[in-house]
Amino acid sequence: MTTRGALPAMRLENVTRRYGRGDGTVHALRGVTVALPPGSFTSIMGPSGSGKSTFLRCAAGLDRPTSGGVFLGDTEISRLREHKLTLLRRERIGFVFQSFNLVPSLTAKDNILLPFRLAGKRPDRDWMRDVVHRTGLTERLGHRPAELSGGQQQRVAVARALVTRPEVVFADEPTGALDLSSGQDVLRLLRDVVDGTGQTLIMVTHDPGAAAYADRVLFLADGTLVDAMENPTPQRVADRMARMGA
Ligand SMILES: Nc1ncnc2c1ncn2[C@@H]1O[C@H](COP(=O)(O)OP(=O)(O)OP(=O)(O)O)[C@@H](O)[C@H]1O
């Protein structure tokens with residue numbers, strides 16, 4: 001018998017994604033199968049063009065596989081119609097992007113609460129307080145993005161991604177626009193969130209130091225998962241990437 005608690009948070013089953021037709025066809029993903037346990041932190045690495053963004057977009061329901069299945073818990077999201085998929089992304093998935101994507105005219109607090117405004121729902125006050133506390137933004141809630149440092153803006157984006165209490169959070173190069181020290185603050189925050197709340201995190205990165213914050217690093221090459229590393233260190237990740245010619 002399968003209990004709900006034993007389900008992977010996220011599962012990809014033989015996912016392919018092709019772009020174009022005929023001679024010009026690009027095979028961005030070639031049959032990717034992977035299961036991510038609840039409460040895990042996974043980094044995705046690989047050379048440029050290996051399919052990392054495509055993996056993230058398919059897993060997050062932003063793009064549809066050409067074939068294969070994507071499951072969030074027991075929901076096969078690759079089969080959902082657009083409207084249901086939009087609702088699911090809003091309620092069960094969080095996103096953090098390299099470029100923060102905050103609304104410049106809104107305060108940090110209103111940016112964090114934006115998902116609720118869009119959904120016409122009320123936030124859980126205790127959870128909101130917890131998220132603001134975790135992200136260290138208590139003193140900054142009244143500031144607009146232009147009045148915050150890059151690291152603080154990214155922490156607002158992380159708070160916004162967490163506030164609906166999504167099962168899975170996707171982060172696409174979340175430290176790519178930050179200096180080393182702010183980047184490390186954000187990575188520590190993401191690590192603490194996974195450890196403290198049991199949410200599941202999937203992060204695409206080019207940086208071995210960032211990837212090593214995860215429990216496991218998955219390596220993509222030419223659209224195929226070629227390796228997985230448990231308990232990574234920056235050095236081992238960098239060595240593995242060097243062997244891939246990246
Ligand atoms: N919309 C698209 N149309 C055609 N080809 C695409 C499209 N999106 C991605 N590709 C191709 O699919 C392959 C995988 O791209 P993807 O962006 O997933 O790689 P990546 O590993 O994220 O690369 P990078 O590290 O450079 O961001 C590449 O060959 C890319 O050119």
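User: In this predicted model, which residues surround the ligand, and what makes a residue count as near the ligand?

Analyst: The ligand is surrounded by Y19, G20, V26, A28, G46, S48, G49, S50, G51, K52, S53 and T54. A residue is counted as near when its C-beta atom, placed from the backbone, lies within 6 Å of the molecule. The elements that give two or more residues to this shell are strand 2, residues 26-36, and helix 1, residues 52-59, and the largest share, three residues, comes from helix 1.

User: How do the residues of the shell around the ligand divide into nonpolar, polar and charged?

Analyst: Three residues of the shell are nonpolar, eight are polar and one is charged.

User: Why is R17 called buried?

Analyst: A residue is buried if 20 or more other C-beta atoms lie within 10 Å of its own, and R17 has 22 C-beta neighbours inside 10 Å, so R17 counts as buried. R17 is found in strand 1, and, leaving aside its neighbours within four places in sequence, R17 is in contact with A28, L29, T54, C58, D63, P65 and T66. The C-alpha atoms of R17 and G31 are separated by 8.4 Å, with the two residues 14 apart along the chain.

User: Where is N101, and why is N101 called partly exposed?

Analyst: N101 is in the loop between strand 6 and helix 3, and its phi is near 55°, a positive value in a residue other than glycine. Because N101 has 13 C-beta neighbours inside 10 Å, N101 counts as partly exposed.

User: What makes helix 5 largely enclosed by the rest of the structure?

Analyst: Eleven of the 13 residues of helix 5 are buried, so the helix is largely enclosed. Among these buried residues are Q152, R155, V158, A159 and L162. The buried residues of helix 5 pack against strand 6, helix 3, helix 4, strand 7 and helix 6.

User: Which residues have the most contacts inside the largest nonpolar core, and what is F170 in contact with?

Analyst: The largest nonpolar core has 61 residues, and those with the most contacts inside it are I44, A59, V158, A159, F170, L190 and I202. Leaving aside its neighbours within four places in sequence, F170 is in contact with L56, A59, A60, I93, F95 and I202.

User: How do you know whether the radius of gyration of the protein agrees or disagrees with that of a compact globule?

Analyst: With 246 residues, a compact globule would have a radius of gyration near 18 Å, and the protein has 18 Å, so the two agree. The C-alpha trace spans about 55 × 40 × 40 Å along its principal axes, and the protein has eight helices and ten strands.

Key. Residues are numbered from 1 along each chain as its sequence is written. This is a predicted model: local features need pLDDT of at least 70, side-chain atom pairs count only at pLDDT 80 or more; totals for chains, interfaces and linings use all residues. Helices (H or I, at least four residues) and strands (E, at least two) are DSSP runs, numbered from the N terminus. Ala, Val, Leu, Ile, Met, Phe, Trp, Tyr, Cys and Pro count as nonpolar, Asp, Glu, Lys and Arg as charged, and the others, Gly among them, as polar. A residue is buried if 20 or more other C-beta atoms lie within 10 Å of its own, exposed if 12 or fewer, and partly exposed in between; C-beta atoms are placed from the backbone. Two residues are in contact if their C-beta atoms, placed from the backbone, lie within 7 Å. The radius of gyration is taken over C-alpha atoms; the globule rule is 2.2 Å times the number of residues to the power 0.38. A nonpolar core is a set of buried Ala, Val, Leu, Ile, Met, Phe, Trp, Tyr and Cys residues joined through C-beta atoms within 7 Å.
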